[in-house]
Amino acid sequence: MEFSIKLGSPEKQKSDCLIIGIFQPFSLSKMATTIDKISQGYISSIINKEIIKGEIGQTLLLYHVPNVLSERILVIGLGQKNELNEQEYKQIIKKIINVLSFTSSTETILSLTELNVQGRNNYWKIRQIIEIFQNFLYNFNLFKTDKKHNNHNKYKLQINIATPKELNICEQAIQHGLAISDGIKIAKDLGNLPPNICNTEYLACQSHKLAKTFSKNITVNIIDDKTMKDLGMNAYLAVGNASHNKSLMSVIEYKGNNNIKDDRPIVLIGKGVTFDSGGISIKPSNNMDEMKYDMCGAASVYGIMHAIATLNIPINVIGILACCENMLNGNSMRPGDILTTMSGKTVEVINTDAEGRLVLCDVLTYVEKFKPAIVIDIATLTGACVIALGHHISGLLSNNNILAHELIIASEQSEDRLWQLPITDDYKEQLKSNCADIANVGGRAGGTITAACFLSHFTNKYKWAHLDIAGTAWSTGQDKGATGRPVSVLLQFLLNRVGLNKHYVNLES
């Protein structure tokens, strides 16, 4: 789909559909007032008949409005004037998409940037329009024989703004919105692929393709199982030891800031368990098909790396896809096994289904070689996070409150929410082992926190944050599919880091 910004008067432009709004009760927006005057009171005459009152989400489609060049006008209810919140704004955009999908409109003019949305500016409003539209248009039908052809590439949405002062801001909103939406789509596509295709080797190949596409800024190094063994990454290897698919770690290095030689990178680590059977601590068969989504952390890191390269962000980022498959055979790790990690710490395996932290702990040690400014791992780590936060908000735990605050701000800006949980010594007590340095689980109580406490044992040399996306990485039931989260919040975090968030209001005030 094509998005563009247009200055001037939409009423003088020809299109398939012009979208205007009215407030409750029966109050015209600025653009609706302009159209009403041109049409000699046609809009107000309709409203006076109380066909539409202006309640949020109400719609009325008008054809051949007098003196207006657009073939049709979509009138959308905006609720009470100056009382629109973020959720209501998104509700309005979704309603517009639903109505447009039932029309033959391919060229649409949208004039809603005049809306006052609780201090949000046009940059935010346009970003939301793009991300909501692109999410609505997403369709994964790669393996369907009866494909519904997606012709949305021919659709054009022109967003009208009133003043040239905001032209650059709004155009940048489109640029950012499209890159973020593409990153989300890529993460969704990888997450939705079946595990017999999207295995460790497939993800390694995709990493090489990324480096080929962005050869100017991206290089890739694939760490195989033999190299991992030489490095002492025994916990990582134990997870994938029973699979025919070799454990492979893709190290994707993006250099967008070559001006400062000692500019330390931000490292993003994505858990990439391409299928998680649970190992000997096998999962219940119900919904086990969804365990292909246990690589959504790696998928999100891949999507992020694609987006930052597309935007050519002046920052150095290393994205790591920590990939393996947790299966069963005579080589499976067992409950009771003791593993020596790359750090030298020993871990008693209590539950083989707590495998993600075993992968991540060795990668967290491995990335010390990069002398990172920040390390953030992203993982579908604990069912306990789903119980704690449901499917709406991702868990955040960190050893640095300033970093955690930065991430929370980015989550507020992007509408991809995070919620911080604590890491304290009290929880670390639950990980005590009688025969090793630590156990890989700490019991049912506070499972999300104790998992992060386990990881924190390997993060003493840098600022670190852990995102538990077990409840947000995919949807279940009839709408089963990857969500592409938390691509949006982490890209916003990176944009903020390089000062490209100047168009946002200050959410800290």
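This is a predicted model: local features need pLDDT of at least 70, side-chain atom pairs count only at pLDDT 80 or more; totals for chains, interfaces and linings use all residues.
Let's start with two helices that meet: α5 passes α15 in a right-handed crossing.

**Helix α5 and helix α15**

- Two packed helices are described by the angle between their axes and the distance between the axes.
- Here, helix α5 covers residues 167-192 and helix α15 covers residues 487-497; the angle between them is about 140°, and their axes lie 9 Å apart.
- An angle over 145 degrees would count as roughly antiparallel, but α5 and α15 are at about 140°, and they are therefore oblique to each other.
- On the α5 side, the residues that meet α15 are H176, I180, G183, I184 and A187.
- Their partners in α15 are V487, S488, L491 and L495.
- Sorted by class, the contact of α5 with α15 has six nonpolar residues, three polar ones and no charged ones.

**Helix α5 and helix α4**

- Helix α5 also packs with helix α4 (residues 122-137): their axes come within 8 Å and cross at roughly 30°.
- Angles under 35 degrees count as roughly parallel, and α4 and α5 are therefore roughly parallel to each other.
- The crossing of α4 past α5 is right-handed.
- From α4, the contact uses N122, Y123, I126, R127, I130, E131, Q134 and N135.
- From α5, the residues involved include I169, C170, Q172, A173 and I174, as well as H176 and I180.
- By class, the contact of α4 with α5 divides into nine nonpolar, seven polar and three charged residues.

**Strand β2 and its partners**

- How many of the eight residues of strand β2 are buried? Seven are, so β2 (residues 17-24) is largely enclosed by the rest of the structure.
- With strand β5 (residues 72-80), β2 pairs in the parallel sense over seven bridges; C17 stands opposite R72 in β5.
- With strand β6 (residues 107-110), β2 is again parallel, over three bridges; I19 has L110 as its bridge partner in β6.
- With strand β3 (residues 27-28), β2 runs antiparallel, and two bridges join them; here F23 faces S27.
- β2 and β3 make a hairpin with two residues between them, and in that turn F26 has a positive phi of about 60°.

**A sheet of eight strands**

- An open sheet with mixed pairing is built from eight strands, in the order β8-β9-β11-β10-β14-β18-β15-β16.
- At its edges stand β8 (218-223) and β16 (418-420); each has a single partner strand, so one side of each is left without a neighbour in the sheet.
- Ignoring direction, neighbouring strands of this sheet are turned by 20° against each other on average.
- Inside the order, strand β10 (residues 266-276) pairs with strand β14 (residues 374-379) in the parallel sense over five bridges, and I266 has I374 in β14 as its bridge partner.
- Helix α12 (residues 401-414) packs on this sheet and touches β14, β15 (394-398), β16 and β18 (463-468).
- The direction of α12 makes about 155° with that of β16.

**A sheet of three strands**

- Another open sheet has three strands in the order β12-β13-β17, also with mixed pairing.
- Its edge strands are β12 (338-340) and β17 (438-439), and each pairs on one side only.
- Strand β13 (residues 346-348) runs parallel to β17, joined by two bridges, and V347 stands opposite I438 in β17.

- Is T200 buried or exposed? T200, which lies in helix α6 (residues 200-213), is buried, with a relative accessible area of 2%.
- Leaving aside neighbours within four places in sequence, T200 is in contact with N245, K246, L248, T274, C323 and C324.
- S101 sits in the loop between α3 (86-100) and β6; S101 is partly exposed, with a relative accessible area of 41%.
- S101 and G119 are 18 residues apart along the chain, and their C-alpha atoms are separated by 30 Å.

Technical notes: Residues are numbered from 1 along each chain as its sequence is written. Side-chain values use heavy atoms; hydrogens and water are left out. Axes are lines fitted to C-alpha atoms, for helices over the stretch in contact, and angles run from 0 to 180 degrees between N-to-C directions. Helices (H or I, at least four residues) and strands (E, at least two) are DSSP runs, numbered from the N terminus. Angles under 35 degrees count as roughly parallel, over 145 as roughly antiparallel, 65 to 115 as roughly perpendicular and the rest as oblique. A crossing is left-handed if the near helix is turned anticlockwise from the far one by less than a right angle, and right-handed if clockwise. Contact means heavy atoms within 4.5 Å. Ala, Val, Leu, Ile, Met, Phe, Trp, Tyr, Cys and Pro count as nonpolar, Asp, Glu, Lys and Arg as charged, and the others, Gly among them, as polar. Buried means under 20% relative accessible area, exposed over 50%, partly exposed in between (1.4 Å probe, protein chains only). Two strands pair if DSSP finds at least two bridges between them.
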